[in-house]
Amino acid sequence: MSLEELQALERRAVIPTYLRNPVQFVRGEGVRLWDEAGDEYLDFLAGISVLNVGHCHPRVVAAIREQAGRLTHVSNLYYTEPAMRLSAALAESSLGGKVFLCNSGAEANEAAIKLARRHRSGGEIVVLRDAFHGRTYGALSATPQEAKQAPFAPLVPGFVVAEKRPEAIDAAVGPSTAAVLLEPIQGEGGVLPLDEELLRAAREACDRAGAVLIFDEVQTGMGRTGTLWAYEQTGVVPDAITSAKALGGGLPIGALITGQRLADTLQPGDHASTFAGGPVACAAALVALEICSDPQLLAHVTAMGERFAAALEELPFVASVRGRGLLVGAELTPGTSAIELARRALLEERLVINATGPSSLRMEPPLIVTESEIDEAVARLGRLGP
Ligand SMILES: *Cc1c(COP(=O)(O)O)cnc(C)c1O
């Protein structure tokens, strides 16, 4: 179908929650996408932080095909090998406790919020300014952004917003706190890394109050920052993390991963989801997790991230670059619109990037991105400059 035909269908039949760009993608491979006319794009957003292994990674595709031809669904009242193996691999890769599988980032955070409330009944969840944890009611209540929350009030009670200062976190956490939930690098907020001092303050406040520290690694995990999980670089170990986005190598899946202490906090009947731990998504995730755990790939992420940041800093319209590894934010000089730049990058230079605010860009290429693809992306951006 042509783009115009799709747009007509959208106008007629699609609830208009998304502002789509006028591009139709029909195929992807590695860092590249193609539209229906056969034009090639560089995907420096990796879907939306999902294709860390690249589009249609041959090993992920093979695992999906194999599993899809064998068994696509049974309920969680029975055993399947992919779900058990993935849970073990995820726990072993991080906090060593146990795993609840689900289908998305918001759902992973919902599970984390329920875990926190099981840990301390009726307790408050402390979240940080500029956070993003998802769009379902619990996750939305943990996302202190006026435009996203206000139309949908009343929200879930018991969420407390703290400013991103150690003293503010310290003051917000007390005997009635169940959990502090935070992203080690705030992704949707504009690629805003939290400093170690802040994370340490959160750890200490939780320890003092008997609350649990949960890192939302939905965007920062799966190798994005140069280690499998971002917390590994912070010097702070959380009590639980959530994962999704890149976990399934392109398929929808999420996970709550706990440390030993919280491994049996949720009990039979406390939580469930029909599709959670589905064999096809888990088979894909097992491969994606193995690829993203490769130390050579992780070293590559750090090297490519440094090359990318250094090249971006040379662009005349880039004021500063933030982030870690291949989670990259660029603050633009006053007068440069990030939204306009992202739009022109797509339509004029066939470069897929994203604006997280009026003056900041977010770029997250697949982790397999090469030096020449980084250089090509920066050259394309450079051609848009003043
Ligand atoms: C994208 C994102 C979510 C929400 O994930 P969905 O799969 O869209 O529900 C939650 N937390 C963070 C940090 C994210 O980046």
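Predicted model: local features only at pLDDT ≥ 70, side-chain atom pairs only at ≥ 80, totals over all residues.
**Entry 1: what H13 packs against**

I started with the buried residues of H13 and looked up their partners: they pack against strands E2 (32-35), E3 (40-43), E15 (351-352) and E17 (360-363), plus helices H11 (295-313) and H12 (338-349).

Which residues of H13 are buried? I found Glu373, Ile374, Ala377, Val378, Arg380 and Leu381. Looking down the axis of H13, I see these buried residues fall within an arc of 160 degrees, so they line one face of the helix.

I also checked the length of H13. It runs over residues 371-382, twelve in total, and at 1.5 Å a residue it should span 16 Å. Its end C-alpha atoms are 16 Å apart, which agrees.

**Entry 2**

Next I went to strand E13 (residues 318-324) and strand E14 (residues 327-332). They pair in the antiparallel sense, with six bridges. Looking across the pair, I noted that Val318 stands opposite Leu332 in E14.

How many residues sit between E13 and E14 in the hairpin? I get two, and Gly325 in the turn has a positive phi of about 60 degrees.

**Entry 3: around the ligand**

Last stop, the ligand. I have 13 residues surrounding it, the closest being Gly105, Ala106, Asp216, Gln219 and Lys245.

Then I looked up some polar atom pairs. A polar backbone atom of Gly105 is 2.8 Å from an oxygen atom of the ligand. For Asp216, a polar side-chain atom lies 2.7 Å from a ligand nitrogen atom. I also wrote down Phe132, where a polar backbone atom is 3.4 Å from a nitrogen atom of the ligand.

Terms used:
Residues numbered from 1 in each chain as written. Heavy atoms only, no water. Helix = DSSP H or I, 4+ residues; strand = E, 2+ residues; numbered from the N terminus. Expected span 1.5 Å × (residues − 1). Buried < 20%, exposed > 50% of the residue type's maximum accessible area, 1.4 Å probe, protein only. Arc of directions from axis to C-beta. Contact = heavy atoms within 4.5 Å. Pairing = 2+ DSSP bridges. Near = heavy atom within 4 Å. Polar contact = N/O pair within 3.5 Å; in protein donor to acceptor, adjacent residues only side chain to side chain.
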